[in-house]
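Me: I am new to this structure and would like to go through parts of it with you. Could we begin once it is on display?

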Amino acid sequence: MMIRVSGNHTICRNCWKLLKNFDKSFHRHKSSESWTSAAVRSTFLEFFCGKHDHKFVPSSSIIAKKGEGSYFINAGMNQFKPIFLNDVEEGSQMSSYKRVANSQKCIRIGGKHNDLEDVGLDLTHHTFFEMLGSWSFGDYFKREACGMALELLIDVYKIPMSSLYFTYFKGDNSLQLQADLETRDIWMSLGVNENRVLPCGMKDNFWDMGHTGPCGPCTEIHYDHHHRTRHRGVPHLVNTDNSDVVEIWNLVFMQYNRQADQTLMPLPWHHVDTGLGLERLTAVLQNTTSNYHTDLFRPIFDAIHKDYGIPPYQGNVGQEDIGGRDRAYRVVADHIRMLSVCLSEGILPDRADQHGHKVRAVLYRCLQSAKVLGLNPGYISSLVDIVVESLGATYPELSQSSKRVKEVIDSAEDHYYKTLEQGTKAFNKFLRKRKKTGPINETEANDLLSGRYVNPVPMEILESLAHQHNLSISLPKRGLEEHTDKQEGKGHIISCLEDLPRTDDQHKYSYKWTGTAYDFPDVPDATVVGVNSDHSDESMKSGEKGSIFLDKTCFYGESGGQLGDTGTLENETSLFVVTDTKVQGETVQHIGFVEKGEIKKGDSLTARINQDRRLSNMRAHTATHLLNWSLRQLTNDARQNGSKVGEDRLYFEVFTAKEMDTVSDVVYLQDAVRGVVTRALPVTRRSLPLSQAQALDHVVYLLNETYPHTVNIISIEDDGIPLSVELCGGTHVVNTADIGDFCIEKLKGVGQGRKCVYCYTGELATQAQRNGDTLVGLIEELELALKTNSRLEEWETLTKTIKTMLSKDILPKLEREDVETRLNQIEHVVTTRLNAINLQRLKKEILLAQRKTPRWVQLSITYGNYNVIKKALSTADISKPVIIIKPDSRSTQICIAFPKGCDAELKRQILEVFSDHGAKVKEQRSKVGELYSLRLEDMVQGEQIQWALSTLFYKDLHSTIKY
């Protein structure tokens with residue numbers, strides 16, 4: 001059958017079909033070759049920044065700030081939230097933003113937006129993606145935004161209008177929101193056919209920042225992958241999760257401010273926030289319906305196929321994906337991109353850190369899929385180079401840290417396989433002992449997670465093992481998520497806080513060095529503006545506990561890791577003892593009890609802090625900054641995760657790939673801090689706008705911390721060279737010499753890459769060092785006595801003293817571990833020799849006592865141990881009952897030996913003493929007769945039995961004496 005194609009020209013139908021397919025494949029090939037992902041990204045930025053005067057702002061860190069409701073940045077607008085919330089620091093760089101464009105790194109593996117479980121199952125989901133964004137802050141609005149979007153898609157990217165659909169907000173009568181007909185009309189005025197401009201509801205076309213705050217309608221642009229099909233019109237597929245018609249761009253018009261009562265008020269300034277996913281747009285321009293068929297992922301697939309000779313990636317999903325090979329390809333490619341980005345920002349796999357445990361889950365999932373593909377251990381890290389080649393020019397931190405990223409992956413992979421081996425053994429043991437079949441319930445899962453079957457099984461591995469055995473499993477809530485929930489609900493929610501004025505707490509910085517001591521001035525005229533207790537919100541009487549809020553205070557509220565102050569609030573008639581101080585929003589909460597009188601709203605009080613506690617807190621806090629500095633000198637990937645400082649103690653948590661547990665590492669850290677303390681360097685505080693502070697060279701601050709507009713900078717310099725420069729609201733000594741002394745008590749690894757350092761400062765550090773020197777002296781004495789075989793009577797005392805100091809005294813890490821090692825090396829020799837000496841001594845005492853007593857022997861000794869006593873009773877020439885009592889500080893050990901042929905009545909009377917006092921003796925094996933023993937933890941019971949035995953002994957002795 002012939003068909004007419006042009007004028008009088010005809011062609012057969014089969015040839016026409018072949019020609020159409022050739023034409024389609026030609027266009028697909030041409031488009032795929034002409035638009036690389038790098039070109040897609042750069043063209044977007046050049047269009048907005050070069051042609052339309054937008055300012056390029058680099059991508060922010062992927063670590064979300066506290067309070068943003070997510071562990072990671074998952075949208076391009078996050079870093080601009082202060083503008084939307086009208087909370088921009090005056091004079092800052094952000095205050096000058098009018099038009100902005102960028103490419104933002106985004107991660108969705110937690111919270112409301114969690115795509116982790118979907119990755120690999122389809123062709124579109126990712127844990128890491130890039131969001132191309134453009135913004136207008138009070139500059140242009142709907143018409144310009146729509147015009148630019150259409151111009152870029154149609155004229156620059158050459159996407160045909162016939163492939164696009166546009167949505168607008170259709171309104172909501174229940175919320176009294178009008179339809180956004182303005183946007184509909186704008187699209188049509190720009191040449192879009194009205195059949196392609198579609199109304200949609202709140203779910204898809206109205207955007208909220210949160211329960212309250214800026215919000216407004218949005219308009220989406222959707223792309224039809226099969227638009228070349230003749231007479232195709234598929235408006236009904238828009239916003240139906242159909243993979244053929246996908247959203248590629250969302251333009252949000254922020255024009256309202258949602259109030260607490262949910263009413264909408266017009267914003268004084270209108271903003272535009274647009275987001276276009278790079279992966280989806282690249283797929284469109286490379287003529288594929290799959291993001292994974294683009295040059296963002298293909299090089300990773302090709303490398304695996306080439307290196308291992310396995311079948312190439314086919315793009316199959318579901319039942320067509322035989323053996324799950326293509327799914328594994330997608331998981332490995334997606335996850336290595338996400339891991340490279342996270343690790344390049346210093347996040348390390350860890351089971352407890354809020355970011356690290358997510359990264360660990362992704363890494364484990366990646367390695368599980370690598371096993372499906374048959375990839376050897378150690379191979380995954382080589383794929384980092386491909387990621388760097390793809391993303392390194394846009395995000396230079398990837399190129400700068402690629403070596404370290406690969407080292408971290410290799411180390412974490414080794415840890416994974418060791419953990420997998422242990423976890424598999426534990427899981428198999430669980431299956432063997434299990435008395436039922438079917439799903440694993442939450443209790444059983446908890447047992448596996450907690451290590452009931454020898455080794456704990458990490459949750460990610462437990463899920464995989466259960467799946468391998470075709471067992472469903474009910475997992476308990478992740479410990480960290482429970483902790484996060486508790487943190488979100490933590491604290492005493494005080495209803496009166498909403499009405500309280502902001503506390504002026506700048507007086508906490510009003511201390512000074514007088515030349516001989518620190519002076520911490522009182523605040524003599526602080527007014528009570530709030531009272532909170534179980535009894536009243538107006539007053540508190542003597543004996544009542546609660547909280548006091550003042551208009552001004554010199555008390556430091558716990559924050560930044562520093563403990564809160566203690567002290568008193570008092571006047572002539574009343575006294576409130578402050579046991580802790582917290583920060584509640586912009587108010588300071590003084591927690592404690594009324595010791596005298598009554599405290600009422602409106603009272604004038606004198607605020608007086610405990611100066612010794614504050615000074616010890618200051619010493620520890622400044623030492624923490626120095627420790628942070630020394631850690632960064634030791635390893636450049638050190639990233640602070642948290643700290644706790646107070647009363648000359650500090651705890652510092654750091655993430656680093658470095659093992660950092662050698663003696664040389666501890667010596668370096670300790671000597672570095674001590675060196676700065678000895679040099680007596682000034683510690684300065686100055687206040688700067690946040691933007692200026694963060695722009696300073698060498699400044700250190702937490703990426704996910706929310707800082708006020710004006711911040712304090714704590715600096716320690718040596719001859720003009722910055723050592724430590726940190727943003728910090730805490731209180732510090734004015735000179736490093738005032739720290740007094742410093743030592744590291746403990747340094748241990750907690751999970752993958754997380755290290756915890758425990759330290760002492762001030763008098764505690766001096767005392768610890770003094771104890772350490774004493775301990776080293778004792779071990780040297782013991783070693784010398786052992787070497788010369790002298791002072792035998794002191795060996796046991798020296799050993800006990802050393803062990804007691806190791807278990808009870810505060811000690812430096814280096815001295816403690818040195819003595820522990822040396823004691824372990826000689827303790828067996830000491831014990832063996834002491835046991836031999838004590839055995840001969842005890843046997844001699846038993847034989848001598850038997851000669852002196854007619855019927856039985858009772859001895860109380862202070863030397864030896866149970867084994868010595870048992871051996872003495874078993875090997876000595878026992879001719880009559882012998883009772884050995886050895887009391888110590890925690891228990892009483894009693895052993896009884898009855899020789900063969902012993903008087904049965906005497907034996908009965910002796911054993912009856914124990915039964916009468918509720919003590920059960922245990923019979924031991926013996927070749928010479930009968931041997932019994934018991935250990936009494938109840939010291940009173942032990943004394944009562946000793947008294948009863950002595951009474952029986954002297955009574956029996958008296959009955960045998962002939963007068």
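**Strands, then helices**

Reply: In this predicted model, Ser715 stands opposite Val725 in β28.

Me: Which strand is joined to β28, and by how many bridges?

Reply: Strand β27, residues 710-718, is joined to β28 by six bridges, and the two run antiparallel.

Me: In what order do the strands of that sheet come?

Reply: The order is β26-β27-β28, in an open sheet of three strands with antiparallel pairing.

Me: Which are the edge strands?

Reply: They are β26 (683-689) and β28 (721-727), each of which pairs on one side only. On average, neighbouring strands of this sheet are turned by 30° against each other, with direction ignored.

Me: Which helix packs on the sheet?

Reply: Helix α17, residues 611-634, packs there and touches β26, β27 and β28. The direction of α17 makes about 115° with that of β28.

Me: Changing topic to α9 and α10: at what angle do they pack?

Reply: Helix α9 (residues 325-344) and helix α10 (residues 356-373) pack at about 145°, and their axes are 8 Å apart.

Me: Is that crossing left-handed or right-handed?

Reply: The crossing of α9 and α10 is left-handed.

Me: Which residues meet there?

Reply: From α9 they include Tyr329, Val332, His335 and Leu339. On the α10 side, Val362, Cys366, Ser369 and Leu373 are among them.

Me: And how does the contact of α9 with α10 divide by class: how many nonpolar, polar and charged residues?

Reply: That contact has 15 nonpolar residues, two polar and three charged.

Conventions:
Residues are numbered from 1 along each chain as its sequence is written. This is a predicted model: local features need pLDDT of at least 70, side-chain atom pairs count only at pLDDT 80 or more; totals for chains, interfaces and linings use all residues. Side-chain values use heavy atoms; hydrogens and water are left out. Axes are lines fitted to C-alpha atoms, for helices over the stretch in contact, and angles run from 0 to 180 degrees between N-to-C directions. Helices (H or I, at least four residues) and strands (E, at least two) are DSSP runs, numbered from the N terminus. A crossing is left-handed if the near helix is turned anticlockwise from the far one by less than a right angle, and right-handed if clockwise. Contact means heavy atoms within 4.5 Å. Ala, Val, Leu, Ile, Met, Phe, Trp, Tyr, Cys and Pro count as nonpolar, Asp, Glu, Lys and Arg as charged, and the others, Gly among them, as polar. Two strands pair if DSSP finds at least two bridges between them.
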